[in-house]
Amino acid sequence: MVRIAVSAVLLAGLRGATCALGSVQTREDSPAYLDSSLTAKERAADLLQRMTWEEKVGQLGGARRTLGRTGGRATFNKTAFDVTHKTQNGQIGFGSQYNYAKDVLPVVNDLRAEQINSTRLGIPYMTITDSINSMWVSGGSLFPGAVSMASSWNLDLYEQVVAAIRDENHALGVNWVLSPELDVAYDPRNGRNGEMFGEDTYLISEFGTRYVKTMQEKDENGFVKIATTIKHWVYGRGNGGVNRASMEGGINHIMNDLAPPYIKVIKEAKPLSLMVSYSSVDRVPMSINKYMIQDVLRGILGFKGLIMSDANSIEYTVEESKVSKSPEDAAQKALRAGLEHELSPGGNGLYTTLINFVNNTEIANLIDDSVSALLEIKFATGVFDNPLPSIENMESTLRNERHLEVNRNISRESIVLLKNDGILPLKKSNVSKVVVIGAYGDMVNAGMYAACNATDPAYGSSLRRSLARELGDANVLYAQGVDALPSNDSSRIGAAVTAAQEAGFAIVVLGSGYGTFDLSEMNNRRTDGEGFAHADLGFPGLQQQLLDAVLDTGVPTILVMSSGQTFVLNESTMRSGAIIHSWLSGEFTGDALVEILFGDVNPSGKLTVTMPQANGAFPVAYNYLASDDQGGFGTATLYDWQWPQVTRYAPLRFGFGLSYTTFEISSPMAPHVVSCGGNVTVSATVTNTGKVAGKEVVQLYYRPEHSVIEAPVMKLIRFIKVDLAPGESKDISLTVPHSELGYYVNGEWNVDYGNYTFWIGSSSRTEDLQQLNVTLSQ
């Protein structure tokens, strides 16, 4: 076991924060759990039988908010920490996102060392954190959000991103992340869509599998680098799009619409843990939903890893759902349902009440199982064997040039061009001066789970700053126009209009929801993110009025959207010469936008969520059921919604995105008949028919002619991104085993024989697809 010298940091707050690394020392009569040649399961079994009741219960929770921040400085309250640590000491977190890694590591290293040196058995913490597009604390590489990176449709590049995020986390001593999210971004009102990969379960599965495999890659000693947590089982279709709202619970709905990413990731990547959602599914909160956890997750899906609560979710069964009578009742119900670990960021975990049930054999056995599950992760990740991270290694790892180059590349490919009337790409000879209009034009809007102060230049370049570097400060005007958060102050719109007329060219940046989990940014004016849903899918506040006023001038105008959400683009908005969605920003998104605006980079992003046509016209996902597209009666059947007159088929659909070049997908071929157990291989030739290099995403969709239960009108089953020089052609083949073309009926996998329709093309839009018919014979 690693023995570490404890500095005076724990006694003196952050004064002189240093941490000396010790060497590996073995005890004279070393117990079996310290023998790294044994399996994680064997080591956990040996340690478990040595633990007292109090030590076991303590492993069921932890202290997530280790460091605070006051007056712009990191702070550590040892008294408060010790109170939590006494009863919850299985894992530890970092606290405030605005603290920098260089200030966090010495303090947390001392806490880790104290835990190893000053406890009876020396059981280390798991260091746990969320990690979507960066480390939890500041000082690392800041990548674009999950929905942004998924818009690249570039799995290999995304894998490089995850490897960089993994290595930066690991350098800080993180060995357990609460990611990735496998939720389906189905409801555009949900404020958490920016944390998700998109609306299609196959696409989510592919990105989720890459995340878990890459994060859980083993080191040279065979230890998992960082354990992952797939989440939230199950989530994404909360009533009204509200974060913790209830959901439908039909098993066919669960297994076909929500579970597929979990099924693939569990089978192919073997994540070490899983988090349940806040939702009540079929009226039963997931924290105590034994059917969904034991029968479906453990039984049908075969998940073997640790299962944990979401933050404070066990407590909510008492306070909100009223399905538990007391904290003790809630803890017992959650444990019996199958939750093996509790997340309670504030240190008020309900599993601490289980200390009173030492004589309850059932509870004692369940706690043994739960502690064993956590210990196995600890041994699998090497926390008993590896030295603590050093400042030197952290400094050489964070933001190294390789990570920054990967970041630049994913930023370029994550941006989606939705409209271009020929205004793009710009030529510097024709655009000598521009004005950036809108509060989101001068911030880095990275999402709640990113360590990013949106208005602090230290976290990256806003579009305004990036343009100023490209064109010169004197040639880039800026006018905020209206507040980023909703207000009734329109007094600055006139100045924005004047600036547009002066510059002669306008780039209007509108968006929603900037900010982190910092308490100063959590308020009722916020417009996107966890806990902030949308009743209106337009631009929050007076941003639409600002855009309209600029467009009314006739000045050539480009609209850039910055958010994790989709927006309704009304007729007035569509007057913009070009429309771009940049999603949630990374530190280089501003630079990438400038490269795209001036043609140095050809946009290649594609939508992973469909853009709604009206506030009430949802669900809007491309893969709806055929019966969802039947509105009126008699001859009045053209529309699903009669006011305004729109259908489920939205023009800005999943998979769509424009380029500065043109592509042709020609000669599509597939076998007419495929025998039982065979593969369907669809081939085609992709040609860049334009004058500049570009990247095209070839997408393959399918639908059975007949099915036991209703199937979507089409469903993504394969995709590939192809890089082509002008005039270049490449032959591509997409192969799908017959066994993948099925669906669940009452919890059992069913694959139909008979006729199938396949579509190959550049998006899910009808005009972008070519149809092929294949018969699967018995």
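Which strands and which helix do the buried residues of H17 pack against? The close-up views below are taken from a predicted model.

**View 1. Helix H17 and its packing partners.** Helix H17 spans residues 463–471, and its buried residues are Leu463, Arg465, Ser466, Leu467, Ala468 and Leu471. These buried residues pack against strands S13 (434–437), S14 (476–479) and S15 (506–511), and against helix H20 (589–597).

**View 2. The surroundings of Thr661.** Thr661 sits in the loop that runs between strand S19 (645–646) and strand S20 (663–669). With a relative accessible area of 7%, Thr661 is buried. Its side chain makes a polar contact of 2.6 Å with the side chain of Asn688. A polar atom of the Thr661 side chain also lies 3.3 Å from the backbone nitrogen of Gly690. Beyond its neighbours within four places in sequence, Thr661 is in contact with residues including Asn602, Lys691, Val692 and Gly694.

**View 3. The largest pocket.** This pocket holds about 1300 Å³ of space. Its lining has 48 residues, and those nearest the centre are Thr201, Asn256, Asp257, Pro260 and Lys715. Among the elements that each supply at least two lining residues are helices H8 (201–215), H9 (251–258) and H10 (260–269). The lining comprises 22 nonpolar, 11 polar and 15 charged residues.

**View 4. The second largest pocket.** The volume here is about 940 Å³. Arg65, Trp136, Pro345, Phe517 and Leu519 are the closest to the centre among the 39 lining residues. Strand S2 contributes the most to this lining, with three residues. By class, the lining has 17 nonpolar, 12 polar and 10 charged residues.

Terms used:
Residues are numbered from 1 along each chain as its sequence is written. This is a predicted model: local features need pLDDT of at least 70, side-chain atom pairs count only at pLDDT 80 or more; totals for chains, interfaces and linings use all residues. Side-chain values use heavy atoms; hydrogens and water are left out. Helices (H or I, at least four residues) and strands (E, at least two) are DSSP runs, numbered from the N terminus. Buried means under 20% relative accessible area, exposed over 50%, partly exposed in between (1.4 Å probe, protein chains only). A polar contact is a pair of N or O atoms within 3.5 Å; within protein, one must be able to donate a hydrogen and the other to accept it, and residues adjacent in sequence count only if both atoms are side-chain atoms. Contact means heavy atoms within 4.5 Å. On a 1 Å grid over the protein atoms alone, a cavity is a set of points where a 1.4 Å probe fits but cannot get out, and a pocket is an open set with protein on both sides within 12 Å along at least five of seven lines; lining residues have an atom within 4 Å of a point. Grid points are joined across faces, edges and corners, and a volume is the space filled by probe spheres set on the points. Ala, Val, Leu, Ile, Met, Phe, Trp, Tyr, Cys and Pro count as nonpolar, Asp, Glu, Lys and Arg as charged, and the others, Gly among them, as polar.
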